[in-house]
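Trainee: I am new to this structure. Please take me through how to read it, one feature at a time.

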Amino acid sequence: MAVYKKTYRSYEGRMTPEWARFFVLTRYAWEDLQRRRFFTLFFLGTLIWPLICALGIYVRHNLSALELMGIRAASMVQIDSSFFLTFLGVQCMFAFFLNSFIGPGLVSPDLSNNALPLYLSRPFSRTEYVLGRMSMLLILLSLMTWIPGEFLFGLQSYLEGWDWFKANAGLAWGLFAGSGVWIVFLALLSLSVSAWVKWKPVAGGLLFGLFFVAAGFGQAINAVLRTKWGNLINISNLVGSIWVSLFNKPLESGSGAVFFRIARGEEIPVWMCWVSLALICLFCLYLLGRKIRGVEVSR
Amino acid sequence: MNADLIVFDNVSRFYGDVLGVNNVNLSVPPGITSLVGPNGAGKTTLMNLMTGLIRPTRGSISVLGVRPNQPEELFRLVGYCTQFDNFPKGMTGFDFVKSFLLIHGFDERDADRRAWESIDRVNMRDAANRRLAAYSKGMRQRMKLAQALSHSPRVLVLDEPLNGLDPMARAETIALFEALGAQGVHVIVSSHILHEVDRISDQVILLSQGYVVAEGAIESVRGEVKDHPIQIVLRCDNPRAVAARLFEDDNIVEVGIHKDRQGLLIRTLNVDAMYLMLNRIILEVGIEVESVAPADEDVNSVYQYLIGAEGATV
């Protein structure tokens, strides 16, 4: 056997902190996204509704503007939990569309290009990989939902005063937590669909299918079996019920946000909505765990 | 645990009912080690086990004293270049190398510098800012090698790294492996190109159907293959006289004289006895010897003897 002089030195210097490394994936995914014109236009388009809402809040508190337009303050829309729920409903629907556009392209290219062994033969875990990919969606969807929502809440509090802020502080939490539930759910759903369906248009279509077809299927169960438990697979109903509870509103027929309204006479307990949503999320994690592996074993 | 060896201790890996590798016991020292075997022999499985991408069903592995279930420590030591083209979509060659350095934990400036250094080592600077999708097979292969090298690993695991390289690139790549091996890096290479394996390897591991058939320096492996007589080529001015005397030794199986009457091929069961006798013959008969060399002390012959028809696909 040859005798070797050990002249080789491996790197022993400082490394960036472990917790920050998954952001490398987020950063490259963001750069990739910026190259798509449709994304930029759509994303900017989603900021129009928050701007209209902000304008509404401002005008409502500006008597001279109201006088100029000949509108009475009482006839203007009330800035209350319904206003913020409506805001959340619209923005979360936009988030759903954007997620269906971006989500399917986050994991599937790595799987179809066999890139996972490259990521996972680093000091980089499967969890960090999923977090890196998911952060892209978490940040982007946050910019569309709770961040402008909290801005509107701040604007209203500023214009209305401390008493209004104290009386409605729960709305700020409702906006944050309600958006958070929807964003995490969407991100997990789209990543797991992306991991299993390698063809992006099909994966995008499947996300729509899961949202709308599951709702239709739930309605069919309700109609055929004369029950309300079919709503447990109706995602908009589940999320709507959770939002209503987070906004401290009574769970009653027809309440909830636009696009996320609770069907009349078919309310199901909020805790069951949480459990149902959590089970779907756990199933998504299971699907991700099955696919995000260093080596795909084909038997 | 030895901090200088890659150790497989009774390692088996099954994919359900399908055998990946079975009862593997290995100690791989620094230098260039080649994994040789037909398709499906378990070479890639062994590499995936070494890099912790899959876990053994049974047994344990340590890479320079680190277990593969400690990825944070392991991947400081290991660089892996997989067999298949695996690239994140839409990246340039430079981004490809740099992004993985960032994931590895190098800061922006260090990652930039190392990426260029590593790209220079594989001679790809001119093409570094082009998209990977536009690369030829050989260019992709070299870029993969650059990313495996870029963080200065002490163990380089390279799954068929010479595939698709043109002769020039192949020669450069082999020179790079030899330089790294000489510096004390563990370079683990799997390859089907046996004459190149033979040229560069300090030791070989022969695999067949999930089992390690032989391991070690090629000469010692050949010496262990007792079923096949060792072949020696002797070039001299009087081969007929030598042939006549050689048959006095019972260990000589066959002697054939070359067509040009300037040499002979000797097949013997005991090479040491044959060399002693040859020395005597040379002195007694007074022949002029041009060269004496083993004819089948190479990976190809050992492969044929030990794996034979199973490896016909190679």
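Predicted model: local features only at pLDDT ≥ 70, side-chain atom pairs only at ≥ 80, totals over all residues.

Trainee: How many helices and strands does chain A have?

Mentor: Helices (H or I, at least four residues) and strands (E, at least two) are DSSP runs, numbered from the N terminus. Chain A has 14 helices and two strands. For chain B the figures are eleven helices and 13 strands.

Trainee: How many residues does each chain have, and what percentage of them count as buried?

Mentor: Buried means under 20% relative accessible area, exposed over 50%, and partly exposed in between, with a 1.4 Å probe and protein chains only. Chain A has 299 residues, 49% of them buried. Chain B has 314 residues, and 55% count as buried.

Trainee: Which contacts join residues at least 24 apart in sequence, as a percentage?

Mentor: Contact means heavy atoms within 4.5 Å. In chain A, among contacts between residues at least 6 apart in sequence, 74% join residues at least 24 apart. In chain B, residues 24 or more positions apart account for 67% of the contacts with a separation of 6 or more.

Trainee: Which residues touch the most other members of the largest nonpolar core?

Mentor: In soluble globular proteins, nonpolar side chains tend to be buried together. A nonpolar core is a set of buried Ala, Val, Leu, Ile, Met, Phe, Trp, Tyr and Cys residues joined through side-chain atoms within 4.5 Å. The largest one here has 150 residues, and F84(A), Y119(A), W182(A), F8(B) and M143(B) touch the most other members. Helix α11 (residues 169-196) of chain A gives this core its largest share, 15 residues. Apart from it lies another core of 17 residues, including I252(B), L264(B), L278(B) and I281(B).

Trainee: What is F8(B) in contact with, leaving aside its neighbours within four places in sequence?

Mentor: F8(B) contacts V24(B), N25(B), L26(B), L46(B), L49(B), M50(B), S60(B) and I61(B).

Trainee: How many cavities of 30 Å³ or more does the structure hold?

Mentor: Rolling a probe the size of a water molecule over the atoms shows where empty space is left. On a 1 Å grid over the protein atoms alone, a cavity is a set of points where a 1.4 Å probe fits but cannot get out, and lining residues have an atom within 4 Å of a point. Grid points are joined across faces, edges and corners, and a volume is the space filled by probe spheres set on the points. The structure holds one cavity of 30 Å³ or more. About 40 Å³ of space lies in the largest cavity.

Trainee: Which residues line the largest cavity?

Mentor: The lining is Y11(A), M15(A), R76(B), H104(B), F106(B) and H151(B). Ala, Val, Leu, Ile, Met, Phe, Trp, Tyr, Cys and Pro count as nonpolar, Asp, Glu, Lys and Arg as charged, and the others, Gly among them, as polar. By class, the lining has three nonpolar, two polar and one charged residues.

Trainee: Is S100(A) buried or exposed?

Mentor: S100(A) counts as buried because its relative accessible area is 8%. S100(A) lies in helix α5 (residues 81-102) of chain A. Not counting residues up to four places away in sequence, S100(A) touches G204(A), L207(A) and F208(A).

Trainee: Where does I287(B) lie?

Mentor: I287(B) is in the loop between α10 (271-286) and β13 (289-294) of chain B. I287(B) is buried, with a relative accessible area of 8%.

Technical notes: Residues numbered from 1 in each chain as written. Chains lettered and ligands numbered in written order. Heavy atoms only, no water. 1 Å grid on protein atoms, 1.4 Å probe; cavity = no way out; pocket = protein on both sides within 12 Å on 5 of 7 lines; lining within 4 Å.
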